[in-house]
Amino acid sequence: MLPWGIVFYPEPQNGKIIGPQDPANWPPKMDPDVAKWRDETAYLGSDGNQVYVHVPFCPFICDFCHFYKTIDPDDRKAEIREAYVQAVLKEIELYSQVPMATGKKYNTIYFGGGTPSQLSSSQLVRIIEAIRANFDIADDAEISMEGVAHQFLAPRFLEKVINAGITRISFGVQSLDETVRHKAGRGPEKVTDYPKVVDLALSLAPDMDVHCDIMAGLPGQTLESFSHDIQAVIDWGITGVDIYYYFMVPGTPLHRAILDGKEGCHEFGAEALRIRDFTRRTFMKAGFHQLTGESFVKRKGSDRFMQTFSKGGGNALNSILPLGPTAMGDLEGHYYRNVTDVREYIKIVETGRLPIDRSTRLPLDTAQRRALLFALLRFRVPDALLLTKKARKQFKRWEEKGLVVREGSDYVITDRGSLWYNLMQIEFLTAADFKGMASVVGSLADLEKIITDPDNGLGREMRAMIQGNGGILGDLKLFGVKSALKVAKSLPVFDQRSMGYFDRVD
């Protein structure tokens, strides 16, 4: 069982390169068929819209991370951070000229990265104030930021950002096992600081959401060490947790170390299933609610970032306004991504253009498929999203297997189904989707190496999925895939580079 759920669709790196845009002409009109379907399904509701701010600075670089952050030391100086802040303020001003951006009410503001706590509290306050001044922000909006523990613990930092309106903080733990942390290239943090952050945040704001990330499937990690991590964060009094399964994204140092045999690749399949089952049972027993496939929260209705990020529910046509390099957005059926370099981002914004790189205008079938995929991620699928005979028959089969149950006019994923939700998503992908996602695994050479390596856990699981029920037919399928990769590698028509989620990961 490959453990990753689909949280981006369509893949952002496969969008058409359109370059920077004039605010007066952005976004183009929505596909008329999509607009009609949006109006017809408006009754399904939405969890609202989001402003996303990508902060590309980090105090250290984790070996597993594929999100864009500055690598060049010259791009990490204080003057570049201030230039970045000025550019974000300018980008906000540019979007204030876009009716499709200003005509929405936003329910969440999210500072992601990178590491937003690399900015000073005063810089964060300036951005928050500008967003509030230029857009319609709900009175009860969730304003969330990621950070690292020692920066949250800096004198009065947390107090100042809470006073500015921050209602939720999130920090990466990944693992408490020092050996695992070293293998993953986790930076010089003290694990003893993590519970101090929780205590400090809740002492300053008892109703605050304090969230952390834990990773599963890291090299050297065992079920025993993972279970220790889970119990520890529960004991801290954390209010929300995301569980991320390690993903071998090309271009990251850990990916290269695994391909070169310097680090072992974690097992997938049955072991991932045991981890997922253990995780769910442990958090539910501790009083958490399962929000999405891998998100658990103490308070129902909290963690609205995830709810608006996973396309808002309903027809998944809610708006996400992207600020900063590599930030991804959704406006009027256009799914797009900003440029992937902080200096290029600053330069473009200074010219008065929106710093857009790639965009996909969603056709009707893609928009409808996306709504179904994210409904599965959120464990509730309205009948209105089952638009084909194939989809309705598939859900009937899942109902017979105990993976879903009927609840009014919806299908709800059961406890058993929650272990398999990601493979349920995969059932609805097209051949073109699989072709587009192949680059996430790596170049053709990387993919061939993974599939043919007997010691690679990902390779073993990919071979098992290709072979299906096995036998002669399964062997022929596997032989065909290996042969196709070997031939494709020699053809110049195929791009031999890997793109990963973002163009600049290293």
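## Model and confidence

Residues are numbered from 1 along each chain as its sequence is written. In this predicted model, local features need pLDDT of at least 70 and side-chain atom pairs count only at pLDDT 80 or more, while totals for chains, interfaces and linings use all residues; side-chain values use heavy atoms, without hydrogens or water.

The average pLDDT (the predictor's confidence in each residue, from 0 to 100) is 88, and 92% of the residues score at least 70. Over residues 493–506 pLDDT stays under 50. Where pLDDT is low, the predicted coordinates should not be read in detail.

## Cysteines

With a disulfide defined as a pair of cysteine sulfur atoms within 2.5 Å, the count is 0.

## Second largest pocket

The lining of the second largest pocket comprises 25 residues, with Leu 291, Ala 375, Arg 378, Phe 379 and Arg 380 nearest the centre. A pocket here is an open set of points on a 1 Å grid over the protein atoms alone where a 1.4 Å probe fits, with protein on both sides within 12 Å along at least five of seven lines; lining residues have an atom within 4 Å of a point.

## Ile 413

Ile 413 is buried at 8% relative accessibility. Its C-alpha atom is separated by 9.5 Å from that of Leu 377, 36 residues apart along the chain. Beyond four places in sequence, Ile 413 has contacts (heavy atoms within 4.5 Å) with residues including Leu 376, Phe 379 and Tyr 421.

Definitions and conventions: Buried means under 20% relative accessible area, exposed over 50%, partly exposed in between (1.4 Å probe, protein chains only).
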